[in-house]
Amino acid sequence: MIFTTPLRRGLAGLLATLTLLTPGCGDDTGTVAMVPSSLTGVTEPVDDALGTETAWVIAGSSRLVRQLADGARADVLITADAETMRDAVARGLVEGEPVVIAGNRLVVALAPGNPGRLDDLADLEDPTLLLGVCAAEVPCGRLAAEAETALSIDVAVDTEEPNVRALALKIETGELDAGLVYATDAADLGLETLRAAELDPFVTEYLAVAVHGSAHEIVDFLRSPAGRRLLSDDGFIVS
């Protein structure tokens, strides 16, 4: 069964994805927030709600932690799974207490028009299709690997992308027939998804933390009713 989600902010998402800062870049006084690429769609609404102009550093969660370890300045760190946040905490890179702000579900996103004619999860083993997953070191890749093992699926992978938004964009442009991405990325780009109830249990948690001190307004906002509503409207799971 195939579902279609509305196109919401494809171009804006692409532009935001390209806003990747390197260590030492950015304003020395303004807020710098490091967020995983799957949160691209909520960056502008957060600034609108807070009346701020945050310097958003958008990349795969593991890369964000590496940048922080290399000396990049940041005030807020958000990761797309607990394992990556535990790494940041273990390295002493953050001072605050990480909190869960949302969850996200794994889906099979299809290229426009479903040229590969995928109909169920077993089709992901077809070596004639062009298929992608996230790299194993980023949360989306770990979640996909977990699903493959649990469901005994051997995806015929053609590419492993460094972050989920990069993978979703390759599906959107038809470079790939399909790939395992988060539900929110598929929705943001208006991609059809292969509805497979077997994937429903595979959910990742997003954790946010103040890099310096015990609190930051962005973290507080994302935990507030207004912030939770914003995340929910963008397709994230909030409890």
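Select alanine 82 first: leaving aside residues up to four places away in sequence, Ala82 touches Glu205 and Leu207, where a contact means heavy atoms within 4.5 Å. Ala82 is found in helix α4; helices (H or I, at least four residues) and strands (E, at least two) are DSSP runs, numbered from the N terminus. With a relative accessible area of 26%, alanine 82 is partly exposed. Buried here means under 20% relative accessible area, exposed over 50%, and partly exposed in between (1.4 Å probe, protein chains only).

A word on the model before moving on: it is predicted, so local features need pLDDT of at least 70 and side-chain atom pairs count only at pLDDT 80 or more, while totals for chains, interfaces and linings use all residues. Residues are numbered from 1 along each chain as its sequence is written, and side-chain values use heavy atoms, with hydrogens and water left out.

**Stop two: the salt bridges**

How many salt bridges does the structure hold? There are 9, each being a side-chain nitrogen of Lys or Arg within 4 Å of a carboxyl oxygen of Asp or Glu.

Go to arginine 165 and aspartate 185, whose side chains meet in a salt bridge at 2.8 Å, N to O. Arg165 sits in helix α6 (residues 164-172) and Asp185 in helix α7 (residues 183-188), so this pair ties together parts that are 20 residues apart in sequence. Are these two partners buried or exposed? Arginine 165 is buried, at 0% relative accessible area, and aspartate 185 also counts as buried, at 0%.

Now pick aspartate 75 and arginine 73, a salt bridge with its closest N and O atoms 3.3 Å apart. Asp75 counts as buried at 17% relative accessibility, whereas Arg73 is partly exposed at 31%.

Next, select aspartate 87 and arginine 91, where the N to O distance of the salt bridge is 3.2 Å. Asp87 is partly exposed at 31% relative accessibility, and Arg91 is partly exposed at 45%. Finish this stop with Asp81, Glu83 and Arg142, which a network of salt bridges links.

**Stop three: helix α3**

Show residues 61-69, which make up helix α3, and colour its buried residues: Ser61, Ser62, Leu64, Val65, Gln67 and Leu68. They pack against β2 (32-36), β3 (55-59), β4 (76-79), α4 (82-90) and α5 (139-151). Just after α3, look at glycine 71, which takes a positive phi of about 110°.

**Stop four: the nonpolar cores**

A nonpolar core is a set of buried Ala, Val, Leu, Ile, Met, Phe, Trp, Tyr and Cys residues joined through side-chain atoms within 4.5 Å. Which members of the largest core touch the most others? Of its 61 residues, they are Ile101, Val108, Val181 and Leu199. Strand β5 gives the most to this core, with 8 residues. Centre on valine 181 and, not counting residues up to four places away in sequence, you will find contacts including Leu106, Val107, Cys140, Leu167 and Ile171. Another core lies apart from the largest one, with 17 residues, among them Val32, Val57, Val65 and Leu68.

**Stop five: helix α9**

Select residues 225-233 for helix α9, where Gly227, Leu230 and Leu231 are buried. Looking down the axis of α9, these buried residues fall within an arc of 95°, so they line one face of the helix; the arc is that of the directions from the helix axis to the C-beta atoms. The face turned away from the buried side carries the exposed residues Pro225, Arg229 and Asp233. The cover over the buried residues of α9 includes α2 (40-50), β5 (99-110) and α8 (217-223). Just after α9 comes glycine 235, with a positive phi of about 100°.

**Last stop: the aromatic rings**

The whole structure has 2 aromatic pairs. Rings of Phe, Tyr and Trp (its six-membered ring) pair if their centres lie within 6.5 Å; planes under 30 degrees apart count as stacked, over 60 as edge-to-face and the rest as tilted. Tyrosine 206 and phenylalanine 236 have ring centres 5.3 Å apart and planes at 90°, so the pair is edge-to-face. Tyr206 is buried at 0% relative accessible area, and Phe236 counts as buried at 4%.
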